[in-house]
Amino acid sequence: MILSIESSCDDSAIAITDIKTKKLIFHKKISQIEHSVYGGVVPELASRLHAKALPLIFEDTKEYFNQLKAVAVTNEPGLSVTLMEGVMMAKAIALALDIPLISINHLKGHIYSLFIEKEEIFPQLVLLVSGGHTQVIEANSYSEMNLLANTLDDSFGESFDKVSKMLGLGYPGGSIIENLAKDGDENRFSFPIPLSQSPKLAFSFSGLKNAVRLEIESLKELSLQDKRDISASFQKSASTHILQKVKKVFKNREVENFAIVGGASANLYLREKIKNLCNQFNIKLYLSELKFCSDNSAMIGRLALEKYKRGEIINDLNLEINPRFKSF
Ligand code: KG4
Ligand code: ZN
């Protein structure tokens, strides 16, 4: 069995995955709701909360200690002070149980959320939409993943968080905005669709966010219906932007399988639009289970199985963190 740890942002999670059967034996996550009042993740607070939550979850895995063959941990990308918590814990476990470490790229982990308790399916063209990243990735195999498109500024999920904050609502904003939008008029405000005239394969959400800010300022007193309409109109523009760029990719290359992963892939509005687009192009759509869209350690464990199989393990304690995304 492999024990896997995730602490790259505001979720403390530990999983245990069976090496032979790929079965998820144990999975527990504590999400830090404490950031809600600040409208975003406060790194120092997140770090302290990981230090509290991770040992508590770890205690529940005692019965598996003598069956562990390796300990996997997210070491990139993410918040440095929170990555450090998971990595320090993984090192202590590796030392105490005399087992190797496995380093995990969080974004590649999100891709492997598609394959939890399943076989891998490649090639995949992947849309990764999370709080930290918005990317289109050509994932041909475990070892061949290329970045095709990236965001120039904010990420898709982050823009939901910021709109939620501007509306005086909580964090994380994704599900709050999506829920408000259900009863809103998406055509009341015509927010711009970012980069719609640009041939560039890239994403941008900061201009849209500013357009929403200006609208909120001009309305002054916001009724609940105003908030619903703003949420719906914003969600429509943000999703249309994603749709336009994905359509561009579909037009320019042969795509067999398409997948959406990451925390914001839980957005049902986006899922529905992408589903229709895939049908139009006769492309098979893959989605993670809703519970594995946001950060979790089951996906870290699933990717760890592949690394373990290939002998990509660290036998000393030489493992560093990389807060910024470099490559897959
Ligand atoms: O993957 P994730 O858990 O953490 C990162 O790796 O960043 O993604 C969290 C992000 C947050 O920005 C959150 O607001 C967004 O995903 N999110 C959503 C939805 N659920 C979560 N965004 C839009 N619609 C949602 N339903
Ligand atoms: Zn994530």
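Analyst: In this predicted model, the domain assignment divides the protein into domain 1, made of residues 2-116 + 295-309, and domain 2, made of residues 124-287. Taken over C-alpha atoms, the centres of domain 1 and domain 2 are 27 Å apart.

The boundary may be described first by its residues and its area. On the side of domain 1, 19 residues are in contact with domain 2, and 18 residues of domain 2 take part in return. Between them, domain 1 and domain 2 bury an area of about 1,500 Å². Carbon and sulfur atoms give 71% of that area. Within domain 1, the residues that lose the most area to domain 2 are Leu107, Ile111 and Leu114, which together make up 37% of what that side buries.

The charged and polar pairs across the boundary come next. Between domain 1 and domain 2 there are zero salt bridges, and one residue pair is found in polar contact across the interface, both residues having pLDDT of 80 or more. On the side of domain 1 that touches domain 2, helix H3 (106-112) and helix H9 (298-309) each supply at least two residues. Helix H3 gives the most to this side, with five residues. Sorted by class, the side of domain 1 that touches domain 2 holds nine nonpolar, six polar and four charged residues.

The ligand may now be considered. There are 20 residues around ligand 1, of which Gly131, Asp161, Glu178, Gly263 and Asp295 come nearest. His110 places a polar side-chain atom 3.1 Å from an oxygen atom of ligand 1. For Gly132, a polar backbone atom is 3.2 Å from an oxygen atom of the ligand. For Ala264, a polar backbone atom likewise lies 3.4 Å from an oxygen atom of ligand 1.

Finally, salt bridges may be considered for the model as a whole. The count comes to 15 salt bridges, whereas the count between domain 1 and domain 2 is zero. One salt bridge joins the side chains of Glu138 and Arg253, with 2.7 Å from N to O. Glu138 belongs to strand S7 (residues 134-139), while Arg253 is in the loop between helix H7 (224-252) and strand S9 (257-261), so this pair ties together parts that are 115 residues apart in sequence.

Methods:
Residues are numbered from 1 along each chain as its sequence is written. Chains are lettered from A and ligands numbered from 1 in the order in which they are written. This is a predicted model: local features need pLDDT of at least 70, side-chain atom pairs count only at pLDDT 80 or more; totals for chains, interfaces and linings use all residues. Side-chain values use heavy atoms; hydrogens and water are left out. Domain bounds come from an automatic or database domain assignment. Contact means heavy atoms within 4.5 Å. Buried area is the accessible area (1.4 Å probe) that two parts lose on being put together, summed over both. A salt bridge is a side-chain nitrogen of Lys or Arg within 4 Å of a carboxyl oxygen of Asp or Glu. A polar contact is a pair of N or O atoms within 3.5 Å; within protein, one must be able to donate a hydrogen and the other to accept it, and residues adjacent in sequence count only if both atoms are side-chain atoms. Helices (H or I, at least four residues) and strands (E, at least two) are DSSP runs, numbered from the N terminus. Ala, Val, Leu, Ile, Met, Phe, Trp, Tyr, Cys and Pro count as nonpolar, Asp, Glu, Lys and Arg as charged, and the others, Gly among them, as polar. A residue is near a molecule or strand if one of its heavy atoms lies within 4 Å of it.
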